[in-house]
Amino acid sequence: MKKLLAGSALALVAMSGAAMAESHSAGTLCLITKNNTNPFFVKMREGAEARANELGMNLMAFAGVTDGDAAPQLTAIENCVAAGAKGILITASNDSVTPALIEARAAGVLVIALDTPLADPEAQDMTFATDNFEAGLLIGKWAAATLGDDAANAKIAMLDINKDNISVDVARDTGFLVGFGIEVPDLTVMGSETDPRVIGHETSNASVEGGVTAMENLLARDPDINVVYTINEPAAEGAYQALVNAGKEEGVLVVSVDGGCPGVESVKSGVIGATSQQYPLLMASKGVEAVAAFIADGSKPSASEGLTFFNTGVNLITDKPAEGVPSLTSAEGLEICWG
């Protein structure tokens, strides 16, 4: 690249009756996502289903309703183990699923975290994910290069997911700051920097509505903000709405991460200056391939060179390329986007 059971109490997406009937067959694996409405997870499921079909494997797919609610995922893990699944691909809602995944591994199940690693290394055999620090680094370098000498006087708004120091949140946030040229004393938490160019960090909940509120709060702190970092493109859309409402959209660089089709369209229209594109379909399809290999000969996936996870790639998408920062155009990004 250029680059379960559908009871309302469980709030899960059910597998079909046919899949249930075959769930004890050889070559069964499970995909467990946070929800089935976010385009990121929809594309992830599409990738897993397509590759499982190609390999003749039986995929059991489960999804909760809301981010952060681990109860449905715990139930899904239990059902997967009981059904004899040989592999579990999971985007964990939080680390409370760790004990169940450790038990699954003890029972001989290959566990692959997708997108977000769990804090306990014993909870997963491998993580298949974007290099989120690199994703942040790219948009930080682009913003600094685009501003040129004015980067020394930038006023930066940071729109994170929340204050919980989720690994993806931390990596993108700190990666952006390092890319921009701001010293970050502690790369394991958000907000350790003391550079006065950072006006503040606000919670966006990675949503449009949260982006509006977070941006309003930061503009109240400093109305002259001229760089806006956002954890994802819905938050960027909300931030832009707030800037428009305040009459402040001109001359403000908005950068983000995800690379979904709506986000790339926002790059094309100029709402977002640059975004780092990740590839959920590839995460899932490569995860399925890893489970197939594990079933075939017991082999387990290895991390990418120099990393602790399997890197599924990231590309900067912008129509205003900056010297020294490799990128694709929005037209190229639309050819490989998701959602």
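In which crossing, left-handed or right-handed, does helix 2 pass helix 10? In this predicted model, helix 2 passes helix 10 in a right-handed crossing.

**Helix 2 with helix 10**

Helix 2 covers residues 39-54 and helix 10 covers residues 280-297; the two pack with their axes 7 Å apart, at an angle of about 35°. From helix 2, the contact draws on F40, K43, M44, G47, A48, R51 and A52. Helix 10 answers with P280, L281, M283, A284, S285, V288 and E289. Sorted by class, this contact holds nine nonpolar, two polar and three charged residues.

**Helix 5 with helix 6**

Helix 6 spans residues 167-180, and its axis comes within 6 Å of that of helix 5, with a crossing of roughly 30°. An angle under 35 degrees counts as roughly parallel, so helix 5 and helix 6 are roughly parallel to each other. Here, too, the crossing is right-handed. On the helix 5 side, the residues that meet helix 6 are N132, F133, G136, L137, I139, G140, K141, A143, A144 and L147. Their partners in helix 6 are V168, A171, R172, T174, G175, F176, V178, G179 and F180. By class, the contact has 11 nonpolar, six polar and two charged residues.

**Helix 3 with helix 4**

Helix 3 (residues 71-82) and helix 4 (residues 98-106) have axes that come within 10 Å and cross at roughly 10°. These two helices are therefore roughly parallel to each other as well. L74, I77 and V81 of helix 3 meet A100, L101 and A104 of helix 4. This contact has six nonpolar residues, with no polar and no charged ones.

| Helix pair | Axis distance | Angle |
|---|---|---|
| Helix 2 and helix 10 | 7 Å | about 35° |
| Helix 5 and helix 6 | within 6 Å | roughly 30° |
| Helix 3 and helix 4 | within 10 Å | roughly 10° |

**The second largest pocket**

How much space lies in the second largest pocket? The volume comes to about 340 Å³. Its lining has 17 residues, and V252, L253, G270, G273 and K320 are the ones nearest the centre of the pocket. By class, the lining residues divide into eight nonpolar, five polar and four charged.

Note on methods: Residues numbered from 1 in each chain as written. Predicted model: local features only at pLDDT ≥ 70, side-chain atom pairs only at ≥ 80, totals over all residues. Heavy atoms only, no water. Axes fitted to C-alpha atoms, helices over the stretch in contact; angles between N-to-C directions. Helix = DSSP H or I, 4+ residues; strand = E, 2+ residues; numbered from the N terminus. Parallel < 35°, antiparallel > 145°, perpendicular 65-115°, else oblique. Contact = heavy atoms within 4.5 Å. Nonpolar A, V, L, I, M, F, W, Y, C, P; charged D, E, K, R; others polar. 1 Å grid on protein atoms, 1.4 Å probe; cavity = no way out; pocket = protein on both sides within 12 Å on 5 of 7 lines; lining within 4 Å. Points joined across faces, edges and corners; volume = space filled by probe spheres on them. Left-handed = near helix turned anticlockwise from the far one by under 90°.
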